[in-house]
Amino acid sequence: MNKDIIANLKKMIDVNTPIIYIHDYDFTRVDFLLQETLGYNTEILEWSPALGYQRIFCDEDGYIQRNKYSSGKNADLSDVLQNWYNEEFVKGAKYLVLRDIQDGIETPKVKSLLQMIAQRKLYDLDFELTIIINSSINLVPKEIEKYVSFLEIPYPDEVEIKKIINDHVETNGYKDFDTTAIDTLMPSLKGLTLFEIDRMLDMAMSSGGTLTKDDKEMILRHKKQMVKKSGVLELVDSPEDINSIGGLETLKKYLETKSKVIKRIGEAMKAKVAVPKGVFIVGMPGCGKSLCAKATAALFEAPLLKLDMGSLMGKYQGESEKNLRQAIKIAEAAAPCILWIDEIEKAFTGVGGSEILTRMFGYFLSWLQEKTSSVYVIATANNAANLPPELKRKGRFDEIFCVKLPEDEERKQIFEVHLKKRKKTINISSDLINATKGFNGADIESVINEAVEDCFINEKNLTEGILLKFAKNTVSISKSCKKQIDDMDIIFKESNFKNAS
Ligand code: ATP
(Lines give C-alpha, C1' and ligand atoms only; values in the text may rest on other atoms or scores of the structure.)
Protein backbone atom coordinates (compact mmCIF):
# COMPACT_ATOMS: atom_id res chain seq x y z
CA MET A 1 0.00 0.00 0.00
CA ASN A 2 1.27 3.44 -0.95
CA LYS A 3 2.97 5.06 2.06
CA ASP A 4 1.57 8.52 1.26
CA ILE A 5 -2.04 7.33 1.53
CA ILE A 6 -1.34 5.69 4.86
CA ALA A 7 0.33 8.87 6.09
CA ASN A 8 -2.63 10.98 4.89
CA LEU A 9 -5.16 8.77 6.61
CA LYS A 10 -3.11 8.71 9.83
CA LYS A 11 -2.93 12.48 9.77
CA MET A 12 -6.70 12.81 9.34
CA ILE A 13 -7.24 10.57 12.34
CA ASP A 14 -4.59 12.36 14.42
CA VAL A 15 -6.19 15.74 13.84
CA ASN A 16 -9.53 14.39 15.07
CA THR A 17 -11.39 14.43 11.74
CA PRO A 18 -14.95 13.32 12.56
CA ILE A 19 -15.85 11.85 9.15
CA ILE A 20 -13.44 10.53 6.55
CA TYR A 21 -14.83 9.86 3.08
CA ILE A 22 -13.14 7.31 0.85
CA HIS A 23 -14.63 7.28 -2.61
CA ASP A 24 -13.50 3.92 -3.94
CA TYR A 25 -15.34 0.82 -5.04
CA ASP A 26 -12.37 -1.43 -4.37
CA PHE A 27 -13.43 -2.31 -0.81
CA THR A 28 -10.72 -4.94 -0.35
CA ARG A 29 -8.04 -2.37 -1.01
CA VAL A 30 -9.67 -0.01 1.47
CA ASP A 31 -9.77 -2.84 4.05
CA PHE A 32 -6.02 -3.31 3.69
CA LEU A 33 -5.47 0.40 3.93
CA LEU A 34 -7.48 0.57 7.17
CA GLN A 35 -5.69 -2.40 8.69
CA GLU A 36 -2.27 -1.06 7.77
CA THR A 37 -3.07 2.40 9.07
CA LEU A 38 -4.97 1.55 12.22
CA GLY A 39 -3.02 -1.55 13.18
CA TYR A 40 -3.93 -5.20 12.79
CA ASN A 41 -5.31 -5.58 16.31
CA THR A 42 -7.62 -2.60 16.15
CA GLU A 43 -11.31 -3.29 16.34
CA ILE A 44 -12.96 -2.06 13.14
CA LEU A 45 -16.69 -2.41 12.69
CA GLU A 46 -18.37 -2.19 9.36
CA TRP A 47 -22.01 -1.54 8.58
CA SER A 48 -23.63 -1.84 5.19
CA PRO A 49 -27.30 -1.90 4.15
CA ALA A 50 -26.84 -5.39 2.72
CA LEU A 51 -25.06 -7.16 5.54
CA GLY A 52 -25.61 -5.07 8.63
CA TYR A 53 -22.73 -5.16 11.11
CA GLN A 54 -19.53 -7.09 10.49
CA ARG A 55 -16.24 -7.13 12.31
CA ILE A 56 -13.19 -6.70 10.06
CA PHE A 57 -9.98 -8.38 11.11
CA CYS A 58 -6.79 -9.83 9.75
CA ASP A 59 -6.18 -13.59 10.11
CA GLU A 60 -2.81 -15.25 10.90
CA ASP A 61 -1.95 -15.50 7.21
CA GLY A 62 -2.49 -11.81 6.69
CA TYR A 63 -5.86 -12.15 4.90
CA ILE A 64 -8.69 -9.77 5.68
CA GLN A 65 -11.66 -11.58 7.19
CA ARG A 66 -15.07 -10.55 8.44
CA ASN A 67 -17.47 -12.12 10.82
CA LYS A 68 -21.03 -11.31 11.69
CA TYR A 69 -21.52 -8.99 14.56
CA SER A 70 -24.93 -9.82 15.88
CA SER A 71 -26.02 -6.59 17.60
CA GLY A 72 -27.97 -4.13 15.55
CA LYS A 73 -28.39 -6.68 12.80
CA ASN A 74 -31.64 -5.40 11.39
CA ALA A 75 -31.08 -1.77 12.17
CA ASP A 76 -31.33 0.81 9.45
CA LEU A 77 -28.76 3.54 8.99
CA SER A 78 -30.47 6.08 11.22
CA ASP A 79 -30.83 3.49 14.07
CA VAL A 80 -27.15 2.63 13.66
CA LEU A 81 -26.09 6.25 13.97
CA GLN A 82 -28.50 6.91 16.80
CA ASN A 83 -26.98 4.01 18.78
CA TRP A 84 -23.48 5.24 18.24
CA TYR A 85 -24.43 8.75 19.18
CA ASN A 86 -26.00 7.47 22.42
CA GLU A 87 -22.89 5.33 22.99
CA GLU A 88 -25.07 2.28 23.33
CA PHE A 89 -23.01 0.47 20.83
CA VAL A 90 -19.51 1.81 21.08
CA LYS A 91 -18.08 -0.71 23.55
CA GLY A 92 -14.48 0.32 23.00
CA ALA A 93 -14.65 0.36 19.20
CA LYS A 94 -13.38 3.60 17.75
CA TYR A 95 -13.82 3.06 14.05
CA LEU A 96 -17.06 2.59 12.18
CA VAL A 97 -16.86 1.99 8.46
CA LEU A 98 -20.11 2.76 6.68
CA ARG A 99 -20.24 1.12 3.28
CA ASP A 100 -22.35 2.04 0.30
CA ILE A 101 -24.71 4.22 2.29
CA GLN A 102 -25.49 6.52 -0.62
CA ASP A 103 -29.16 5.55 -0.59
CA GLY A 104 -29.59 6.52 3.05
CA ILE A 105 -27.21 9.42 3.55
CA GLU A 106 -29.54 12.09 2.28
CA THR A 107 -32.46 11.53 4.66
CA PRO A 108 -32.94 14.40 7.14
CA LYS A 109 -32.48 12.13 10.17
CA VAL A 110 -29.21 10.63 8.91
CA LYS A 111 -27.80 14.01 7.96
CA SER A 112 -28.69 15.40 11.33
CA LEU A 113 -27.22 12.43 13.23
CA LEU A 114 -24.01 12.64 11.26
CA GLN A 115 -23.77 16.31 12.16
CA MET A 116 -24.41 15.58 15.82
CA ILE A 117 -21.83 12.80 15.95
CA ALA A 118 -19.30 15.04 14.24
CA GLN A 119 -19.97 17.88 16.67
CA ARG A 120 -19.64 15.54 19.60
CA LYS A 121 -16.36 14.18 18.28
CA LEU A 122 -15.01 17.72 18.06
CA TYR A 123 -16.09 18.91 21.51
CA ASP A 124 -16.36 15.82 23.73
CA LEU A 125 -12.88 14.49 24.49
CA ASP A 126 -14.25 11.17 25.69
CA PHE A 127 -16.09 10.51 22.48
CA GLU A 128 -13.55 8.86 20.25
CA LEU A 129 -15.54 7.54 17.33
CA THR A 130 -14.26 8.17 13.81
CA ILE A 131 -16.67 7.48 10.99
CA ILE A 132 -15.20 6.27 7.73
CA ILE A 133 -17.58 6.33 4.79
CA ASN A 134 -16.47 4.12 1.95
CA SER A 135 -18.63 4.24 -1.10
CA SER A 136 -18.45 3.61 -4.80
CA ILE A 137 -20.40 6.81 -5.29
CA ASN A 138 -19.22 10.22 -4.25
CA LEU A 139 -22.14 11.75 -2.41
CA VAL A 140 -21.79 14.06 0.55
CA PRO A 141 -24.75 16.18 1.62
CA LYS A 142 -23.95 19.88 1.87
CA GLU A 143 -24.90 19.96 5.57
CA ILE A 144 -22.08 17.63 6.58
CA GLU A 145 -19.44 18.74 4.08
CA LYS A 146 -17.53 20.80 6.64
CA TYR A 147 -17.01 17.80 8.92
CA VAL A 148 -15.75 15.57 6.13
CA SER A 149 -12.23 15.05 4.85
CA PHE A 150 -11.84 13.24 1.56
CA LEU A 151 -9.12 10.67 1.27
CA GLU A 152 -7.93 10.41 -2.30
CA ILE A 153 -6.66 6.97 -3.20
CA PRO A 154 -4.42 7.28 -6.23
CA TYR A 155 -4.20 4.55 -8.80
CA PRO A 156 -1.49 1.97 -8.11
CA ASP A 157 2.01 3.14 -9.01
CA GLU A 158 4.70 1.06 -10.72
CA VAL A 159 5.93 -0.45 -7.45
CA GLU A 160 2.42 -1.59 -6.52
CA ILE A 161 1.73 -2.94 -10.01
CA LYS A 162 4.97 -4.92 -9.95
CA LYS A 163 3.96 -6.38 -6.61
CA ILE A 164 0.53 -7.41 -7.90
CA ILE A 165 2.10 -9.12 -10.92
CA ASN A 166 4.68 -10.91 -8.80
CA ASP A 167 1.98 -12.04 -6.36
CA HIS A 168 -0.01 -13.43 -9.27
CA VAL A 169 2.97 -15.25 -10.69
CA GLU A 170 3.83 -16.66 -7.28
CA THR A 171 0.28 -17.76 -6.48
CA ASN A 172 0.01 -19.51 -9.82
CA GLY A 173 3.47 -21.05 -9.51
CA TYR A 174 4.90 -20.06 -12.90
CA LYS A 175 8.56 -20.97 -12.75
CA ASP A 176 9.47 -20.01 -16.33
CA PHE A 177 7.91 -16.54 -16.12
CA ASP A 178 9.76 -14.01 -18.27
CA THR A 179 10.25 -11.06 -15.91
CA THR A 180 10.87 -8.63 -18.78
CA ALA A 181 7.15 -9.01 -19.60
CA ILE A 182 6.47 -6.75 -16.61
CA ASP A 183 8.13 -3.77 -18.31
CA THR A 184 6.22 -4.42 -21.53
CA LEU A 185 2.88 -4.64 -19.77
CA MET A 186 3.45 -1.81 -17.29
CA PRO A 187 2.21 1.13 -19.46
CA SER A 188 -1.00 -0.74 -20.27
CA LEU A 189 -1.74 -1.46 -16.62
CA LYS A 190 -1.17 2.08 -15.40
CA GLY A 191 -4.32 4.10 -14.76
CA LEU A 192 -6.33 1.05 -13.65
CA THR A 193 -7.45 0.19 -10.13
CA LEU A 194 -5.99 -2.71 -8.22
CA PHE A 195 -9.19 -4.65 -8.75
CA GLU A 196 -9.09 -4.05 -12.51
CA ILE A 197 -5.41 -5.01 -12.76
CA ASP A 198 -6.19 -8.20 -10.88
CA ARG A 199 -8.92 -9.06 -13.38
CA MET A 200 -6.64 -8.31 -16.34
CA LEU A 201 -3.99 -10.63 -14.98
CA ASP A 202 -6.54 -13.39 -14.35
CA MET A 203 -7.76 -13.07 -17.91
CA ALA A 204 -4.26 -13.01 -19.39
CA MET A 205 -3.29 -16.09 -17.47
CA SER A 206 -6.45 -18.04 -18.18
CA SER A 207 -6.12 -17.43 -21.93
CA GLY A 208 -2.45 -18.29 -22.31
CA GLY A 209 -1.64 -20.21 -19.15
CA THR A 210 0.99 -17.68 -18.15
CA LEU A 211 1.68 -14.00 -18.45
CA THR A 212 3.70 -12.94 -21.49
CA LYS A 213 4.53 -9.85 -23.49
CA ASP A 214 1.88 -10.95 -26.01
CA ASP A 215 -0.82 -10.20 -23.47
CA LYS A 216 -0.29 -6.48 -24.04
CA GLU A 217 -2.84 -6.40 -26.89
CA MET A 218 -5.48 -8.17 -24.84
CA ILE A 219 -4.85 -5.96 -21.81
CA LEU A 220 -5.06 -2.82 -23.95
CA ARG A 221 -8.36 -3.99 -25.41
CA HIS A 222 -9.85 -4.45 -21.97
CA LYS A 223 -8.28 -1.30 -20.65
CA LYS A 224 -10.02 0.59 -23.42
CA GLN A 225 -13.37 -0.66 -22.17
CA MET A 226 -12.54 0.06 -18.56
CA VAL A 227 -11.39 3.60 -19.25
CA LYS A 228 -14.57 4.12 -21.22
CA LYS A 229 -16.68 2.71 -18.38
CA SER A 230 -15.21 5.35 -16.08
CA GLY A 231 -17.47 7.58 -18.18
CA VAL A 232 -15.04 10.42 -18.59
CA LEU A 233 -12.24 9.28 -20.85
CA GLU A 234 -11.73 7.24 -23.96
CA LEU A 235 -8.56 5.43 -24.84
CA VAL A 236 -7.97 6.19 -28.50
CA ASP A 237 -5.84 3.56 -30.12
CA SER A 238 -5.79 4.67 -33.73
CA PRO A 239 -2.44 6.39 -33.84
CA GLU A 240 -1.69 8.21 -37.08
CA ASP A 241 1.69 8.55 -38.69
CA ILE A 242 2.86 12.17 -38.59
CA ASN A 243 3.39 11.85 -42.36
CA SER A 244 -0.33 11.32 -42.83
CA ILE A 245 -0.80 15.01 -42.11
CA GLY A 246 -0.53 17.20 -45.19
CA GLY A 247 0.95 20.64 -44.47
CA LEU A 248 1.05 22.07 -40.91
CA GLU A 249 4.86 21.86 -41.11
CA THR A 250 5.60 24.19 -38.16
CA LEU A 251 3.29 22.28 -35.84
CA LYS A 252 4.64 18.91 -36.97
CA LYS A 253 8.24 20.02 -36.37
CA TYR A 254 7.26 21.36 -32.95
CA LEU A 255 5.67 18.06 -31.94
CA GLU A 256 8.67 16.13 -33.21
CA THR A 257 10.96 18.21 -30.98
CA LYS A 258 8.73 17.63 -27.93
CA SER A 259 8.66 13.89 -28.63
CA LYS A 260 12.44 13.79 -28.20
CA VAL A 261 12.00 15.06 -24.66
CA ILE A 262 8.96 12.95 -23.72
CA LYS A 263 10.48 9.74 -25.01
CA ARG A 264 13.51 10.27 -22.76
CA ILE A 265 11.66 12.01 -19.97
CA GLY A 266 13.73 10.45 -17.17
CA GLU A 267 17.04 11.63 -18.61
CA ALA A 268 15.52 14.98 -19.62
CA MET A 269 14.38 15.68 -16.08
CA LYS A 270 17.81 14.86 -14.72
CA ALA A 271 19.26 17.34 -17.22
CA LYS A 272 16.77 19.93 -15.86
CA VAL A 273 14.85 20.16 -19.12
CA ALA A 274 11.37 21.52 -18.38
CA VAL A 275 8.74 18.80 -18.67
CA PRO A 276 6.58 19.71 -21.70
CA LYS A 277 3.10 20.71 -20.48
CA GLY A 278 1.14 20.67 -23.66
CA VAL A 279 -0.08 22.48 -26.69
CA PHE A 280 -3.29 24.28 -27.55
CA ILE A 281 -4.44 23.90 -31.15
CA VAL A 282 -7.18 26.25 -32.27
CA GLY A 283 -8.51 26.13 -35.75
CA MET A 284 -10.94 25.75 -38.54
CA PRO A 285 -13.03 22.59 -38.50
CA GLY A 286 -11.82 19.61 -40.51
CA CYS A 287 -8.28 20.93 -40.84
CA GLY A 288 -6.40 18.20 -39.00
CA LYS A 289 -6.51 19.06 -35.28
CA SER A 290 -7.69 15.59 -34.27
CA LEU A 291 -5.24 14.10 -36.70
CA CYS A 292 -2.43 15.98 -34.91
CA ALA A 293 -3.52 14.59 -31.52
CA LYS A 294 -3.45 11.05 -32.90
CA ALA A 295 -0.11 11.60 -34.62
CA THR A 296 1.36 12.92 -31.37
CA ALA A 297 0.43 9.65 -29.66
CA ALA A 298 2.35 7.73 -32.30
CA LEU A 299 5.30 10.14 -32.14
CA PHE A 300 5.50 10.07 -28.34
CA GLU A 301 4.84 6.32 -28.27
CA ALA A 302 2.36 7.03 -25.48
CA PRO A 303 -1.32 6.22 -24.90
CA LEU A 304 -3.85 8.81 -26.00
CA LEU A 305 -6.67 9.52 -23.54
CA LYS A 306 -9.47 11.62 -24.96
CA LEU A 307 -11.56 13.81 -22.72
CA ASP A 308 -14.60 14.96 -24.61
CA MET A 309 -15.59 18.25 -23.02
CA GLY A 310 -18.89 18.33 -24.88
CA SER A 311 -20.16 15.16 -23.24
CA LEU A 312 -18.48 15.94 -19.91
CA MET A 313 -20.49 19.14 -19.68
CA GLY A 314 -23.68 17.46 -20.87
CA LYS A 315 -24.16 15.93 -17.45
CA TYR A 316 -25.31 18.05 -14.56
CA GLN A 317 -22.67 20.47 -13.36
CA GLY A 318 -21.70 18.91 -10.04
CA GLU A 319 -20.95 15.73 -11.97
CA SER A 320 -18.85 17.66 -14.50
CA GLU A 321 -16.53 18.92 -11.81
CA LYS A 322 -16.08 15.46 -10.33
CA ASN A 323 -15.55 13.97 -13.77
CA LEU A 324 -12.83 16.46 -14.59
CA ARG A 325 -10.96 15.58 -11.39
CA GLN A 326 -11.41 11.88 -12.11
CA ALA A 327 -10.12 12.27 -15.67
CA ILE A 328 -7.02 14.09 -14.47
CA LYS A 329 -6.44 11.46 -11.80
CA ILE A 330 -6.59 8.64 -14.36
CA ALA A 331 -4.29 10.53 -16.73
CA GLU A 332 -1.77 11.19 -13.95
CA ALA A 333 -1.75 7.50 -13.11
CA ALA A 334 -1.33 6.51 -16.75
CA ALA A 335 1.60 8.91 -17.36
CA PRO A 336 3.53 9.14 -19.57
CA CYS A 337 0.46 9.69 -21.69
CA ILE A 338 -1.32 12.30 -23.76
CA LEU A 339 -4.50 13.85 -22.44
CA TRP A 340 -6.43 15.16 -25.42
CA ILE A 341 -9.05 17.67 -24.39
CA ASP A 342 -11.34 17.94 -27.35
CA GLU A 343 -13.63 20.95 -27.80
CA ILE A 344 -12.24 22.72 -24.76
CA GLU A 345 -14.35 25.74 -25.63
CA LYS A 346 -17.50 23.75 -24.80
CA ALA A 347 -16.46 23.73 -21.16
CA PHE A 348 -14.73 26.99 -20.55
CA THR A 349 -16.56 29.51 -22.67
CA GLY A 350 -18.44 31.82 -20.38
CA VAL A 351 -16.47 31.02 -17.22
CA GLY A 352 -17.48 33.50 -14.55
CA GLY A 353 -21.19 33.00 -15.07
CA SER A 354 -21.31 29.89 -12.93
CA GLU A 355 -19.64 29.10 -9.63
CA ILE A 356 -19.01 25.46 -10.50
CA LEU A 357 -17.58 26.31 -13.91
CA THR A 358 -15.28 28.90 -12.38
CA ARG A 359 -14.09 26.37 -9.82
CA MET A 360 -13.52 23.74 -12.50
CA PHE A 361 -11.61 26.19 -14.60
CA GLY A 362 -9.46 27.25 -11.65
CA TYR A 363 -8.72 23.64 -10.81
CA PHE A 364 -7.78 22.84 -14.40
CA LEU A 365 -5.55 25.90 -14.75
CA SER A 366 -3.64 25.31 -11.55
CA TRP A 367 -3.20 21.63 -12.39
CA LEU A 368 -1.82 22.62 -15.79
CA GLN A 369 0.46 25.25 -14.35
CA GLU A 370 1.86 23.15 -11.51
CA LYS A 371 1.91 19.85 -13.34
CA THR A 372 5.17 17.95 -12.96
CA SER A 373 4.00 14.61 -14.33
CA SER A 374 4.55 13.56 -17.91
CA VAL A 375 0.91 13.98 -18.91
CA TYR A 376 1.15 15.94 -22.14
CA VAL A 377 -2.02 17.94 -22.75
CA ILE A 378 -3.33 18.62 -26.22
CA ALA A 379 -6.32 20.90 -26.14
CA THR A 380 -8.23 21.48 -29.35
CA ALA A 381 -10.89 24.06 -30.12
CA ASN A 382 -12.71 25.47 -33.10
CA ASN A 383 -13.48 28.76 -31.53
CA ALA A 384 -11.21 30.48 -29.06
CA ALA A 385 -12.96 33.85 -29.20
CA ASN A 386 -14.81 33.55 -25.92
CA LEU A 387 -12.33 31.46 -23.99
CA PRO A 388 -11.02 33.13 -20.83
CA PRO A 389 -7.73 34.97 -21.48
CA GLU A 390 -6.00 33.05 -18.64
CA LEU A 391 -6.12 29.94 -20.80
CA LYS A 392 -4.44 31.66 -23.69
CA ARG A 393 -1.66 33.19 -21.64
CA LYS A 394 1.84 31.69 -21.87
CA GLY A 395 2.84 29.44 -19.01
CA ARG A 396 -0.35 27.41 -19.20
CA PHE A 397 0.29 25.67 -22.49
CA ASP A 398 3.81 25.75 -23.91
CA GLU A 399 2.48 27.05 -27.20
CA ILE A 400 -0.77 27.96 -28.94
CA PHE A 401 -1.08 27.18 -32.62
CA CYS A 402 -3.74 28.24 -35.04
CA VAL A 403 -4.68 26.00 -37.90
CA LYS A 404 -6.04 27.82 -40.93
CA LEU A 405 -7.54 26.54 -44.15
CA PRO A 406 -4.75 24.85 -46.12
CA GLU A 407 -2.78 26.94 -48.64
CA ASP A 408 -2.09 25.72 -52.21
CA GLU A 409 0.97 23.65 -51.37
CA GLU A 410 -0.74 22.16 -48.31
CA ARG A 411 -3.81 21.12 -50.29
CA LYS A 412 -1.49 19.42 -52.77
CA GLN A 413 0.13 17.52 -49.90
CA ILE A 414 -3.26 16.53 -48.45
CA PHE A 415 -4.27 15.13 -51.84
CA GLU A 416 -1.01 13.21 -52.01
CA VAL A 417 -1.36 11.81 -48.50
CA HIS A 418 -4.88 10.51 -49.08
CA LEU A 419 -4.16 9.18 -52.56
CA LYS A 420 -1.13 7.35 -51.22
CA LYS A 421 -3.30 5.79 -48.49
CA ARG A 422 -5.53 4.43 -51.24
CA LYS A 423 -2.48 3.32 -53.25
CA LYS A 424 -3.18 5.71 -56.15
CA THR A 425 -0.55 7.81 -57.93
CA ILE A 426 -1.84 10.87 -59.70
CA ASN A 427 -0.08 14.06 -60.65
CA ILE A 428 -1.80 16.97 -58.97
CA SER A 429 -1.88 19.93 -61.33
CA SER A 430 -2.57 23.59 -60.57
CA ASP A 431 -6.10 23.18 -62.01
CA LEU A 432 -7.09 20.90 -59.14
CA ILE A 433 -5.30 23.09 -56.61
CA ASN A 434 -7.14 26.18 -57.88
CA ALA A 435 -10.48 24.36 -57.93
CA THR A 436 -10.08 23.46 -54.26
CA LYS A 437 -9.35 26.93 -52.88
CA GLY A 438 -11.22 27.31 -49.58
CA PHE A 439 -11.40 23.52 -49.03
CA ASN A 440 -10.36 22.01 -45.73
CA GLY A 441 -8.69 18.60 -45.35
CA ALA A 442 -12.03 16.90 -44.77
CA ASP A 443 -13.42 18.37 -48.03
CA ILE A 444 -10.42 17.07 -49.95
CA GLU A 445 -10.74 13.64 -48.39
CA SER A 446 -14.40 13.55 -49.32
CA VAL A 447 -13.62 14.50 -52.98
CA ILE A 448 -11.19 11.57 -53.15
CA ASN A 449 -13.65 9.18 -51.49
CA GLU A 450 -16.43 10.06 -53.90
CA ALA A 451 -14.15 9.83 -56.93
CA VAL A 452 -12.74 6.48 -55.83
CA GLU A 453 -16.24 5.11 -55.23
CA ASP A 454 -17.42 6.35 -58.64
CA CYS A 455 -14.44 4.70 -60.37
CA PHE A 456 -15.14 1.45 -58.56
CA ILE A 457 -18.82 1.39 -59.54
CA ASN A 458 -18.16 2.35 -63.16
CA GLU A 459 -14.98 0.28 -63.43
CA LYS A 460 -12.77 3.20 -64.42
CA ASN A 461 -9.26 4.23 -63.47
CA LEU A 462 -9.00 7.25 -61.24
CA THR A 463 -7.70 10.32 -63.09
CA GLU A 464 -7.11 13.93 -62.18
CA GLY A 465 -10.04 14.85 -64.42
CA ILE A 466 -12.42 12.76 -62.29
CA LEU A 467 -11.09 14.37 -59.11
CA LEU A 468 -11.58 17.77 -60.69
CA LYS A 469 -15.19 16.95 -61.58
CA PHE A 470 -16.01 15.98 -57.99
CA ALA A 471 -14.11 18.96 -56.59
CA LYS A 472 -16.21 21.33 -58.71
CA ASN A 473 -19.41 19.72 -57.38
CA THR A 474 -18.33 20.02 -53.74
CA VAL A 475 -19.60 22.81 -51.52
CA SER A 476 -16.51 23.57 -49.49
CA ILE A 477 -16.45 24.62 -45.86
CA SER A 478 -15.60 28.19 -46.77
CA LYS A 479 -18.90 28.36 -48.66
CA SER A 480 -21.09 26.39 -46.27
CA CYS A 481 -19.75 28.12 -43.14
CA LYS A 482 -18.63 31.41 -44.66
CA LYS A 483 -19.41 33.65 -41.70
CA GLN A 484 -17.75 31.33 -39.18
CA ILE A 485 -14.61 31.04 -41.33
CA ASP A 486 -14.39 34.81 -41.91
CA ASP A 487 -14.79 35.49 -38.17
CA MET A 488 -12.07 33.00 -37.34
CA ASP A 489 -9.73 34.60 -39.83
CA ILE A 490 -10.15 37.93 -38.07
CA ILE A 491 -9.53 36.36 -34.65
CA PHE A 492 -6.35 34.69 -35.86
CA LYS A 493 -5.06 37.92 -37.38
CA GLU A 494 -5.61 39.74 -34.09
CA SER A 495 -4.17 36.99 -31.88
CA ASN A 496 -0.58 36.10 -31.12
CA PHE A 497 -1.14 32.42 -31.89
CA LYS A 498 1.60 30.73 -33.87
CA ASN A 499 0.71 29.70 -37.41
CA ALA A 500 0.72 25.90 -37.60
CA SER A 501 1.66 25.94 -41.31
P1 ATP B 1 -13.06 19.26 -36.06
O2 ATP B 1 -12.70 20.58 -35.47
O3 ATP B 1 -14.29 19.33 -36.90
O4 ATP B 1 -13.09 18.14 -35.07
P5 ATP B 1 -10.40 18.61 -36.98
O6 ATP B 1 -9.62 19.85 -37.25
O7 ATP B 1 -10.12 17.90 -35.73
O8 ATP B 1 -11.94 18.88 -37.14
P9 ATP B 1 -9.73 16.18 -38.31
O10 ATP B 1 -10.75 15.33 -37.62
O11 ATP B 1 -8.34 16.02 -37.89
O12 ATP B 1 -10.18 17.67 -38.24
O13 ATP B 1 -9.85 15.92 -39.85
C14 ATP B 1 -11.06 15.55 -40.49
C15 ATP B 1 -10.73 14.66 -41.67
O16 ATP B 1 -10.04 15.41 -42.64
C17 ATP B 1 -9.83 13.51 -41.27
O18 ATP B 1 -10.38 12.33 -41.74
C19 ATP B 1 -8.49 13.79 -41.93
O20 ATP B 1 -8.02 12.64 -42.53
C21 ATP B 1 -8.77 14.87 -42.97
N22 ATP B 1 -7.77 15.95 -42.82
C23 ATP B 1 -7.96 17.15 -42.28
N24 ATP B 1 -6.84 17.89 -42.31
C25 ATP B 1 -5.90 17.12 -42.87
C26 ATP B 1 -4.53 17.30 -43.16
N27 ATP B 1 -3.90 18.44 -42.87
N28 ATP B 1 -3.87 16.28 -43.72
C29 ATP B 1 -4.49 15.12 -44.03
N30 ATP B 1 -5.80 14.89 -43.79
C31 ATP B 1 -6.51 15.87 -43.22
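Reply: Both Phe300 and Tyr376 are buried (under 20% relative accessible area; over 50% is exposed, in between is partly exposed; 1.4 Å probe, protein chains only). This is a predicted model: local features need pLDDT of at least 70, side-chain atom pairs count only at pLDDT 80 or more, and totals for chains, interfaces and linings use all residues. Residues are numbered from 1 along each chain as its sequence is written, and side-chain values use heavy atoms, leaving out hydrogens and water.

The structure holds eight aromatic pairs (rings of Phe, Tyr and Trp, the last by its six-membered ring, with centres within 6.5 Å; planes under 30 degrees apart are stacked, over 60 edge-to-face, the rest tilted). Phe300 and Tyr376 make an edge-to-face pair, with 5.0 Å centre to centre and 65 degrees between the planes. Phe300 sits in helix α11 (residues 289-300) and Tyr376 in strand β12 (residues 375-381), so this pair ties together parts 76 residues apart in sequence. Helices (H or I, at least four residues) and strands (E, at least two) are DSSP runs, numbered from the N terminus.

Now take Phe364 and Trp367. Their pair is tilted: 6.2 Å centre to centre, 35 degrees between the planes. Both residues lie in helix α15 (residues 355-370), three residues apart, about one turn of the helix. Phe364 is buried, at 0% relative accessible area. Trp367 has 10% relative accessibility, so Trp367 counts as buried too. Ring pairs also bring in Phe348 and Phe361: together with Phe364 and Trp367 they are linked into a cluster.
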